[in-house]
Amino acid sequence: MTPEELTYLAVLLCSIPAGLLFKGRGPRFRQWVGSGLGAGLTLITCGPHALHSLVTALGTWLLLRAVPRRCGDAAMLWTFGYLLFFPHPGAVGAP
């Protein structure tokens, strides 16, 4: 197995007992611990590339707050615009 496959298998196997941790707990506990585990698993599997997911999610959240009536269109433009820009930042003079 490749290192990526082993990491994926470890994440899957650790997710099962992690679910038992949430059983019978309150919603605040599940929110905070679930967010922490999700962030940790994302960093383990994606490493520094998780930053792109964070940028996309934060940009979408800002759009949801800024233009609630047109948030679907704005979020689609933002997400696909980011995906189009990211591979070619030099086209607009970015390093």
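This note sets out points on helix packing, surface, and selected residues in a predicted model.

1. Packing of H1 and H2. Helix H1 spans residues 3–22, and helix H2 covers residues 27–46. The two pack with their axes 11 Å apart and at an angle of about 175 degrees. An angle over 145 degrees counts as roughly antiparallel, and H1 and H2 are therefore roughly antiparallel to each other. On the H1 side the contact is made by Thr7, Val11, Ser15, Ala18, Leu21 and Phe22. H2 contributes Phe29, Arg30, Val33, Gly34, Leu37, Leu41, Ile44 and Thr45 to this contact.

2. The loop between H1 and H2. Gly24 is located in the loop that lies between these two helices. With a relative accessible area of 80%, Gly24 is exposed, because the class begins over 50%. Val11 is itself one of the H1 residues in the contact with H2.

3. A nonpolar surface patch. Met1, Leu6, Leu9 and Leu13 together form a nonpolar patch on the surface. Their accessible area amounts to about 420 Å² together. Of these residues, Leu6 may be taken as an example: Leu6 belongs to helix H1 and has a relative accessibility of 44%. Leu6 therefore counts as partly exposed, as this value falls between the 20% and 50% limits.

4. The salt bridge. Which side chains meet in a salt bridge? They are those of Arg70 and Asp73, with an N to O distance of 2.6 Å. The count of salt bridges comes to one. Arg70 counts as exposed, at 54% relative accessibility, whereas Asp73, at 39%, counts as partly exposed.

5. Thr56 in H3. Helix H3 comprises residues 50–66, and Thr56 is placed within this helix. Is Thr56 buried or exposed? Its relative accessible area is 19%, so Thr56 is buried; the limit for this class is under 20%. Once neighbours within four places in sequence are left aside, the residues in contact with Thr56 are Trp78, Thr79 and Tyr82.

6. His52 in H3. His52 also lies in helix H3. This residue is partly exposed, its relative accessible area being 24%. Setting aside neighbours within four places in sequence, His52 is in contact with Tyr82 and Phe86.

7. Leu54 in H3. Leu54 is a further residue of helix H3. With a relative accessible area of 45%, Leu54 is partly exposed. Leu54 and Ala66 stand 12 residues apart in sequence, with 18 Å between their C-alpha atoms.

Note on methods
Residues numbered from 1 in each chain as written. Predicted model: local features only at pLDDT ≥ 70, side-chain atom pairs only at ≥ 80, totals over all residues. Heavy atoms only, no water. Patch = residues over 30% accessible without salt bridge, like charges linked within 9 Å, V, L, I, M, F, W, Y side chains within 5 Å. Areas by Shrake-Rupley, 256 points an atom, 1.4 Å probe, with all protein chains shown as cover. Salt bridge = Lys/Arg side-chain N within 4 Å of Asp/Glu carboxyl O. Helix = DSSP H or I, 4+ residues; strand = E, 2+ residues; numbered from the N terminus. Buried < 20%, exposed > 50% of the residue type's maximum accessible area, 1.4 Å probe, protein only. Axes fitted to C-alpha atoms, helices over the stretch in contact; angles between N-to-C directions. Parallel < 35°, antiparallel > 145°, perpendicular 65-115°, else oblique. Contact = heavy atoms within 4.5 Å.
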